[in-house]
Amino acid sequence: MPGLIQSIERSSAVLRLLATGPGRLRVKEIADALGLPKSTAQSILRTLVAIGFAEQDPRTARYRLGRGLLDLASTGLDANELRARALNWADALASRSGEEVHVGALHDGGVLIVHHVFRPDDSAQSMDTGSVVPAHATALGKVLLAYRAAAAEDAVAGGLDAYTRTTVTTRPALARTLAETRAQGWSLSVEEWEADRAGIAAPLRSYGGLVIGAIGIRGPVERLCDTRRQARPALVEHVVAAARAVSRDLAGS
């Protein structure tokens, strides 16, 4: 069949063999069973081990399926683990930006705030950890929807509620803002969920660039935006740098 990618076909065959084989298998057993050169089988297995889809016994050099396959139906990280990975960088982002920081992940059509760092001043603030905010009306949510087409479709199907006069409420408008988010690598929300509040967020990526969460700052429009209601470049740099740092940790863990 034209258009198929041979390396993916072979990797899939290796995984199926590991799933059905009796116990752990040697490289030669896998190569012989699939009619592959031993060097090719070895390269595939090395890659599958690196991404967690296969495991090798250091004593026998035999292979079996890896725990990473159990995560295919989810993000691969629960809320507590995502929070733990982002903890130090979120604190640093709050200190550098002077604003409150949220770390979020998609949850039941909205964005679950898994971690919240207070703004570093003496003002009264309330904890948002555990709350769920609308995906289409927040910077965190727009980042997550931009890289999850199915989630964006579900958001449209569920109805894009208007929270302010500037909330995105139509499919074309949402498509445009998500395309812009992907193009620039971060998202801005200005008075789309709450009046006088803005947010800037960037994606958190795991293995292979998979977006599993978002980190961002939130605060008054006049502090996050210039007179044209555009995000202040220095704050964007802080957010994107923090997101990249967390992503390096996630991808390398």
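Analyst: The discussion below takes these features in turn. This is a predicted model, in which local features need pLDDT of at least 70, side-chain atom pairs count only at pLDDT 80 or more, and totals for chains, interfaces and linings use all residues. Residues are numbered from 1 along each chain as its sequence is written, and side-chain values use heavy atoms, with hydrogens and water left out.

User: How many salt bridges does the structure hold?

Analyst: Side chains of opposite charge can pair when their charged atoms come close. A salt bridge here is a side-chain nitrogen of Lys or Arg within 4 Å of a carboxyl oxygen of Asp or Glu. The structure holds 16 of them.

User: Which parts does the salt bridge of Glu100 and Arg218 tie together?

Analyst: The side chains of Glu100 and Arg218 meet at 3.1 Å, N to O. Glu100 lies in strand 3 and Arg218 in strand 8 (residues 211-220), so the pair ties together parts 118 residues apart in sequence. Helices (H or I, at least four residues) and strands (E, at least two) are DSSP runs, numbered from the N terminus. Glu100 and Arg218 also belong to a network of salt bridges with Glu194 and Arg197.

User: Is Glu100 buried or exposed?

Analyst: Buried means under 20% relative accessible area, exposed over 50%, and partly exposed in between (1.4 Å probe, protein chains only). Glu100 counts as buried at 5%, and Arg218 likewise counts as buried at 17%. In another salt bridge, Arg59 pairs with Asp57 at 3.4 Å between the closest N and O atoms; Arg59 is exposed at 71%, whereas Asp57 is buried at 11%.

User: Where is Glu99 found, and which side chain does a polar contact join to that of Glu99?

Analyst: A polar contact is a pair of N or O atoms within 3.5 Å; within protein, one must be able to donate a hydrogen and the other to accept it, and residues adjacent in sequence count only if both atoms are side-chain atoms. Glu99 sits in the loop between helix 4 (79-97) and strand 3 (100-107) and is buried at 3%. Its side chain is joined to that of Arg223 by a polar contact of 2.7 Å.

User: At what angle do the axes of helix 5 and helix 7 cross?

Analyst: Axes are lines fitted to C-alpha atoms, for helices over the stretch in contact, and angles run from 0 to 180 degrees between N-to-C directions. The axes of helix 5 (residues 139-146) and helix 7 (residues 171-184) come within 9 Å and cross at roughly 85°. The two helices are therefore roughly perpendicular, a class that covers 65 to 115 degrees, with under 35 counted as roughly parallel, over 145 as roughly antiparallel and the rest as oblique.
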